[in-house]
Amino acid sequence: MAWVAQHLSVFLFLFLAILLFTGYPVAFVLGGIAIFFGAVGMAFGVFEPMMFFNLLPRIWGGIAANPILVAVPMFIFMGTVLERSGVANDLLHALQVLTRRVPGGLAMSVTLMGTIMAATTGIVGASVVMLTLVALPAMMQRGYQKELAVGTIASAGTLGILIPPSIMLVIMGDLLQVSVGTLFAAAVLPGLLLSFLYLAYICAISFYKPELAPPLPPEVGPKTAAEFWAMIGKSFVPPTFLIVLVLGSIFGGWATPTEAAGVGAAGALLLAWYNGRLSLKELNRMIESAALTNALVFFIFFGATLFAFVFRALGGDDIVTEVLKLLGLDTGWEILLFVMGLVFLLGFFFDWIEICLIVLPVFAPVLKGIDFGPHLGEGGAIVFLTWFIILMSVNLQTSFLTPPFGFTLFYMKGTVPPSITMAHIYRGIIPFVVLQLIGLVVAIAFPELALWLPRKVGFLN
Amino acid sequence: MERLLAASAAIERALYRLSMAAGWLFVACTVVIVFDVLTRKFGFQLPGMGSTRLQELEWHLHTALFCFWLGTAYLKNAHVRIDILVARTAPRRLAWIELLGVLLFALPYCLVAIYFSYDFFHTAWQYNESSDSATGLPWRWIPKGIISIGLMLLLAAVISVGLRLVVYLWGPERLRRAAAFAGARAQP
């Protein structure tokens, strides 16, 4: 019996793993199972009823009275408004014109657009829905191979949560106590690297197999130079304005991420109003969509907070250390690669919120003690955590795309025409997941990819 | 059975209206942040509206924003589900799973959380707790109370879903269609 009492945290984890697959909302399963195991713990005398009281101070201090997390609803709101502001259509058209002579030009313009939109929005849903609605019909009309079309859109849309601003970086920074500004700076180059890998792949495959990506007819595009520049101005000024407003103010040290998010939301509202998309009815729809996404994120916080607390109270931390030792993992590299492998595998079934909120608290004590020494250069623990979070983020990019449960795939499934099946989508994302893993390996091998920019702007000194 | 269904629908309508009204806090929060940034940049402030207060107001609004939507998000089926293993399960069995989830996970969680959150609010109320900062906002029991209210609204949503499931599983044929747990697994 004593053995059971000592290993309750293991059972807690096993039960969670099984019960999550009932399809009942994750947050309720996390919370409900924690209460159940708290009660079992009481029966074994290793848990006190009053310990549940800790739930409230934790919700309060960790979620509510947390100025950093105010950035999350603001970035969600900004992304949702932008999605419906009509900025995307102009931008895609301009990019199409610019890339019309390159092999796979239309697909490349989608990736470029995903990259630019990613720098203006912190969520994935907005970019993916926007790209699918705007770009997929154009690609189908041109006779693109379906797999290539959906793979391009899915991967480009997913960049939204890696390239700053990003609510994922806000949440991971909050969990591991790294400043959000540092993480935003660190994520820029890895994000651009992925974008570059996608572009290179699309260009190469379109060059060798032109039938997959037929070029645009040359008559597309403006006739005169004046028209051309008017188009460029109309389409590039709004996103540039938002990027400078949000990222510029953070990297320049003028605003906290929360302030930048609020100002960005105001900017997005202005753009929507300028484009004539801001009726009362439309604003209500934006609010509803943003509020539901926001509630989804924070409700998992609610459940995971109680879960992590009960897990720890039942001795989970020691068990994690023990399990790592049992598996023979004790050097920093072994633990890092183990966590990366685990996150990749979990990504097939879970999405980033659960992975961040369940895995990070469990491994945080172990991670904070890791020293990578010369591989990371100067700076100590904070440098490691910054690098680690960026690796997590690149790795989690795959979780959006890997079947059967990928957030991006769900957003797409709801938006694509019926002629595109799940099989097309699954086949389409494979090369892009491989590219993401290549990006991850590069970021592991060359930490400066993540660390150079934050050092440069003075965030890591 | 008609009454159960009507009660469920009434809860749903009331929650949705309340949530939509609270949704405007997105706009309010945007305005507060912009106002705070501008006043600080230009170095003036209105009496009683210093930066500390505004920044506290921001997270008060943020708290209300997610609290007032927890329940509605369940009714709109927005909460994340891992539904790959049950994707092809028959609707009736899904309703059973959902009902068990309501009884075993959602209700205990809501009840425990409400009990302690009320306690948490009550202490703040008794001592008329205000901000730790001298220049901060008074009445800290308001955001603490909002957490409690949010959990109660969540409980109301859980009850609404539970009632509908009961009608769906045991009600007369003509009501079942209306009671079908519409949101369940229909969308991501």
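**Exercise 1.** Which residues are buried in helix 10 of chain A?

*Solution.* Keep in mind that this is a predicted model. Now go along the helix and pick them out: A:Ile167, A:Met168, A:Leu169, A:Val170, A:Ile171, A:Met172, A:Gly173, A:Asp174 and A:Leu176. Next, look at what those buried residues pack against: helix 4 (55–64), helix 5 (71–83), helix 11 (180–208), helix 14 (280–313), helix 17 and helix 18 (381–401) of chain A.

Finish with the two ends. A:Ser166 caps the N-terminal end, with a side-chain oxygen 3.2 Å from the backbone nitrogen of A:Met168. Just after the helix, A:Gln177 takes a positive phi of about 55°.

**Exercise 2.** Work out what lines the second largest pocket.

*Solution.* First, the space: about 530 Å³. Then the lining, which has 23 residues; A:Phe13, A:Phe311, A:Leu342, A:Val362 and A:Phe363 lie nearest the pocket's centre. Helix 2 (8–19), helix 15 (316–326), helix 16 (332–346) and helix 17 (352–368) of chain A each give two or more residues to this lining. Last, sort the lining by type: 21 nonpolar, 1 polar and 1 charged.

**Exercise 3.** Compare chain B with a compact globule of 188 residues.

*Solution.* Take the elements first: chain B has 7 helices and 0 strands. A compact globule of that length would have a radius of gyration near 16 Å, but chain B comes in at 21 Å. Now check the C-alpha trace, which spans about 65 × 35 × 30 Å along its principal axes. As for burial, 51% of the 188 residues count as buried.

Terms used
Residues are numbered from 1 along each chain as its sequence is written. Chains are lettered from A and ligands numbered from 1 in the order in which they are written. This is a predicted model: local features need pLDDT of at least 70, side-chain atom pairs count only at pLDDT 80 or more; totals for chains, interfaces and linings use all residues. Side-chain values use heavy atoms; hydrogens and water are left out. On a 1 Å grid over the protein atoms alone, a cavity is a set of points where a 1.4 Å probe fits but cannot get out, and a pocket is an open set with protein on both sides within 12 Å along at least five of seven lines; lining residues have an atom within 4 Å of a point. Grid points are joined across faces, edges and corners, and a volume is the space filled by probe spheres set on the points. Helices (H or I, at least four residues) and strands (E, at least two) are DSSP runs, numbered from the N terminus. Ala, Val, Leu, Ile, Met, Phe, Trp, Tyr, Cys and Pro count as nonpolar, Asp, Glu, Lys and Arg as charged, and the others, Gly among them, as polar. Buried means under 20% relative accessible area, exposed over 50%, partly exposed in between (1.4 Å probe, protein chains only). Contact means heavy atoms within 4.5 Å. A polar contact is a pair of N or O atoms within 3.5 Å; within protein, one must be able to donate a hydrogen and the other to accept it, and residues adjacent in sequence count only if both atoms are side-chain atoms. The radius of gyration is taken over C-alpha atoms; the globule rule is 2.2 Å times the number of residues to the power 0.38.
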